[in-house]
Amino acid sequence: MSQTFSQLGLRPELLSALQDLSHETPTPIQTDIIPLMLDGKDVIAQSQTGSGKTGGFALPILENLLPGKNGIQALILTPTRELAIQVSKAIDEYGKYINYRSMAIYGGQSYSEQFRNLRNGLDIVVGTPGRLIDLIEKKNALDLSNLRYLVLDEADEMLSMGFVDDIERILQQTPSTRQTALFSATLPQPIRNLAQKYLNDPQSITIKSKELTVDTIEQRYYVVDERNKLAALTRIIEMEDINSALIFARTRASSRELANELVQRNFPTEVLNGDLSQDARMQILDSFRDKKISILVATDVAARGIDIDDISHVFNYDLPDQSEVYVHRIGRTGRAGRSGTAITLVPGSKLYRIKRIEGLTRSPMVEHEIPSKEEIIQRRQNAFEEKIQVWLNRGRCREERVIVDKLVAEGIDPAELAAVMMKMARTDDNKRPIQELKKARHTTELRKETRKRSRSKDRESNPYENKFKDEPKQNNKYAHDNAGSGRESQEPGMTRLRLNRGRKHGIKPGEIVSSIAHFASIPGNSIGKIVINDKSTFVDVPDQLVSQVLEDDFQLKIHKNDVEIRRA
């Protein structure tokens, strides 16, 4: 039998608030965390968005608040403004029947309002590291000497955003007697080091892998050619019954470009990225919640803190670099007992990542075929006919009927008139041209093609092993080339790229292969001919992998130096 909140020993005021929120039984993480925190233990918990972790730390803090105590009693650190607002709102909902004072503090707010609230006295502060450091060190407005509870929420995200030094500076301003709770989806070594240094004999709570994804989420993937991703995405969107969709893109630039392309195709879309002001971000999120827009394109950083229960679809337009990030992304659908759909677009060269994700989640991702042009046309036809039936049943077309009767009386054929009106009504179809798709090739096909180009069985089995010196120059595709500029690709299906480093910089073929393969996440044995000149180098890359090598956030490094790479 499931445990209840009352069995956890919470005060009546909290139980009443939970009842108002229709929260009847604690989530697994709440069941584990609340007793430990009520007992005064430091805790480390691995959890993801939507697991109920906010209640896990907020309820024990509210349970043990001391009324009328001077100074801030609890501090919750979050990586983003959105999450700070979300956590603060949740605490207020849980503590609606308790007398306490709290505030969310983050950059972009008025300093005067923050100073006023801090002077008047706060019991709980939820904030982002940057603004808190500012208030502590520059403004001398934030005193943490009486702190009793400290929570690090989404610690791995704060690590990825470069906040670890700020977190340490804040921790050093707090008493050693404080109780600390650390929540993180993953536990990389810097987070473990932080915990070891600042937590006192912490109790660890780990969610099992099988709980990382929700059973109600359907996970699919589509193998796409990199150049056809937008066309594939729009086809899939048209075939889905989307209530609201969150699409993840890799960079700010690509999120803007993708959102613009979808708007041009008449999909109600907004973009959420770091270029927006806080007011603009909140307006967009409100429009998304209110269904004024149905599609939101976001980067991982910008999407942190989004807490909307009825997102029907999550699209991975760009695969995340880490499998754990995939879990974070899809955890935004399939919430509150609803079903959800997670769709991933994956180039054939990156299919190995699907296996990695499945290994982490222990749940299958099913491959689907991209909808055909004929399927899209039929879908549009069916939707249009359904709309006609709806209006026929409503029968609210009196003004339009007057126009029809007039035109028929003038001798226009009724069937021809209906066809013309239908043509005029289907304007959306004209705004959504169905682009032709090039069939994407799977990894096995790419490997076969690579083997045909490869002249060395040793390099074929291990592209990173430097056996170049053992080969005759005329048979070595990676050999130095003093003849000609190397500007034109010598092999079909390959694009020639130029690096601004050459022989005088000490560059060697093996370093080029391993560096491009590592930083661009492409198979090393897919790289073709390499021509090294004195001050530059030319490299052949398969056509379908060029966009991956030239992505906005890709930075090639050789000998720890940045190397510029572009089309020759």
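Biologist: Let's start at a strand: which residue is the bridge partner of Tyr 221 in S14?
Modeller: Tyr 221 has Glu 367 as its bridge partner there. Strand S8 (residues 217-224) and S14 pair in the parallel sense, over 2 bridges. Two strands count as paired if DSSP finds at least two bridges between them. Helices (H or I, at least four residues) and strands (E, at least two) are DSSP runs, numbered from the N terminus.

Biologist: And the ground rules for the numbers?
Modeller: This is a predicted model, where local features need pLDDT of at least 70, side-chain atom pairs count only at pLDDT 80 or more, and totals for chains, interfaces and linings use all residues. Residues are numbered from 1 along each chain as its sequence is written, and side-chain values use heavy atoms, with hydrogens and water left out.

Biologist: What is the strand order in the open sheet with S8 and S14?
Modeller: The order is S10-S11-S9-S12-S13-S8-S14, 7 strands with parallel pairing. Strand S10 (269-272) and strand S14 (366-367) are at the edges with a single partner strand each, so one side of each has no neighbour in the sheet.

Biologist: Which strands does helix H10 touch?
Modeller: H10 (residues 229-239) packs on the sheet and touches S8, strand S9 (245-248), strand S11 (295-298), strand S12 (313-316) and strand S13 (340-347). Contact here means heavy atoms within 4.5 Å. The direction of H10 makes about 160° with that of S13. Axes are lines fitted to C-alpha atoms, for helices over the stretch in contact, and angles run from 0 to 180 degrees between N-to-C directions. H15 packs on the sheet too, touching S8 and S13, and its direction makes about 145° with that of S13.

Biologist: What angle do H14 and H15 pack at?
Modeller: About 70°, with the axes of H14 (residues 323-330) and H15 (residues 351-361) 9 Å apart. That makes H14 roughly perpendicular to H15; angles under 35 degrees count as roughly parallel, over 145 as roughly antiparallel, 65 to 115 as roughly perpendicular and the rest as oblique. The contact is made by Ser 323, Glu 324, Tyr 326 and Val 327 of H14 with Arg 356, Ile 357, Leu 360 and Thr 361 of H15. By class that gives 4 nonpolar, 2 polar and 2 charged residues, where Ala, Val, Leu, Ile, Met, Phe, Trp, Tyr, Cys and Pro count as nonpolar, Asp, Glu, Lys and Arg as charged, and the others, Gly among them, as polar.

Biologist: Switching topic: how do H8 and H9 pack?
Modeller: H8 (residues 164-171) and H9 (residues 189-198) are at about 5°, axes 12 Å apart, and are therefore roughly parallel to each other. Ile 167, Glu 168 and Leu 171 in H8 meet Leu 194, Lys 197 and Tyr 198 in H9.

Biologist: How many aromatic pairs are there?
Modeller: The count comes to 2. Rings of Phe, Tyr and Trp (its six-membered ring) pair if their centres lie within 6.5 Å; planes under 30 degrees apart count as stacked, over 60 as edge-to-face and the rest as tilted. Tyr 111 and Phe 115 form a stacked pair, 5.8 Å centre to centre with 25° between the planes. Both lie in helix H5 (residues 111-120), 4 residues apart, about one turn of the helix.

Biologist: Last one: what order do the strands from S1 to S7 take?
Modeller: They form an open sheet in the order S3-S4-S2-S5-S6-S1-S7, with parallel pairing. The twist averages 10° from one strand to the next. Within it, 4 bridges join S2 (residues 74-77) to S5 (residues 149-152), and the partner of Ile 76 in S5 is Val 151.
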